[in-house]
Amino acid sequence: MTVVRFGVSLEKGLLDALDKFAEENHFKNRSQALRHLISNNLTEKKWESNEIVAGAVSLVYDHHKRDLLSNLADLQHDFHDVILSNIHFHIDHDNCLEIIAIKGESSRLKELANRLIGLKGIQQGKLTTSSI
Ligand code: NI
């Protein structure tokens with residue numbers, strides 16, 4: 001992709017905040033930090049506008065919880081059209097980490113994420129948003 005250079009004028013306080021943000025997040029320079037901030041903002045807008053987007057749902061749960069595994073499978077079959085892939089890690093004897101990659105209309109992805117995270121027995125759940 002072509003990279004275009006342009007000048008940006010910022011108040012000193014805002015520039016200091018940008019530099020601090022870049023340092024804390026290990027960005028190599030201001031351009032990379034700005035690119036990240038702009039891209040995140042545009043991704044957020046896409047998710048608000050029900051565009052085709054992508055993301056991942058991560059779930060942590062104890063697989064012994066009654067009915068949880070079958071409820072997880074039922075729900076993912078209902079949303080098979082937006083699920084790209086699924087990976088399951090056995091963290092220890094009881095706990096599992098599952099990451100589900102998704103792509104589709106943001107409203108449907110949010111519905112899936114909320115229903116997965118809301119299943120009885122899910123200890124932690126998070127939707128990570130990105131765009132394509
Ligand atoms: Ni497991």
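Colleague: Is L75 buried or exposed?

Modeller: Buried means under 20% relative accessible area, exposed means over 50%, and partly exposed is in between, with a 1.4 Å probe and protein chains only. L75 has a relative accessible area of 6%, so L75 is buried. Before we go on: this is a predicted model, where local features need pLDDT of at least 70, side-chain atom pairs count only at pLDDT 80 or more, and totals for chains, interfaces and linings use all residues. Residues are numbered from 1 along each chain as its sequence is written, and side-chain values use heavy atoms, with hydrogens and water left out.

Colleague: Got it. Which residues does L75 touch?

Modeller: Contact means heavy atoms within 4.5 Å. Not counting residues up to four places away in sequence, L75 touches L112, R115, L116 and L119. R115 is 40 residues apart from L75 along the chain, yet their C-alpha atoms are separated by 8.0 Å.

Colleague: And where does L75 sit?

Modeller: Helices are DSSP runs of H or I with at least four residues, strands are runs of E with at least two, and both are numbered from the N terminus. L75 belongs to helix α3, residues 68-78.

Colleague: Which residues of α2 are buried?

Modeller: First, the general idea: an α-helix has 3.6 residues a turn, so residues three or four places apart point the same way. Here A33, T43 and W47 are buried. They cover an arc of only 95° around the axis, which puts them on the same side of α2; the arc is that of the directions from the helix axis to the C-beta atoms. The face turned away from that buried side carries the exposed residues R35 and E48.

Colleague: What do the buried residues of α2 pack against?

Modeller: They pack against α1 (12-24), β1 (52-62), α4 (106-117) and β4 (122-130).

Colleague: Last one: which residues coordinate the nickel ion?

Modeller: Donors are N, O and S atoms within 2.8 Å of the metal (3.2 Å for Na, K and Ca); water is not among the atoms, so sites may look incomplete. Here the donors are H88 (NE2), H90 (ND1) and C96 (SG), at 2.1 to 2.4 Å. H90 is exposed at 66% relative accessible area, whereas C96 is buried at 2%.
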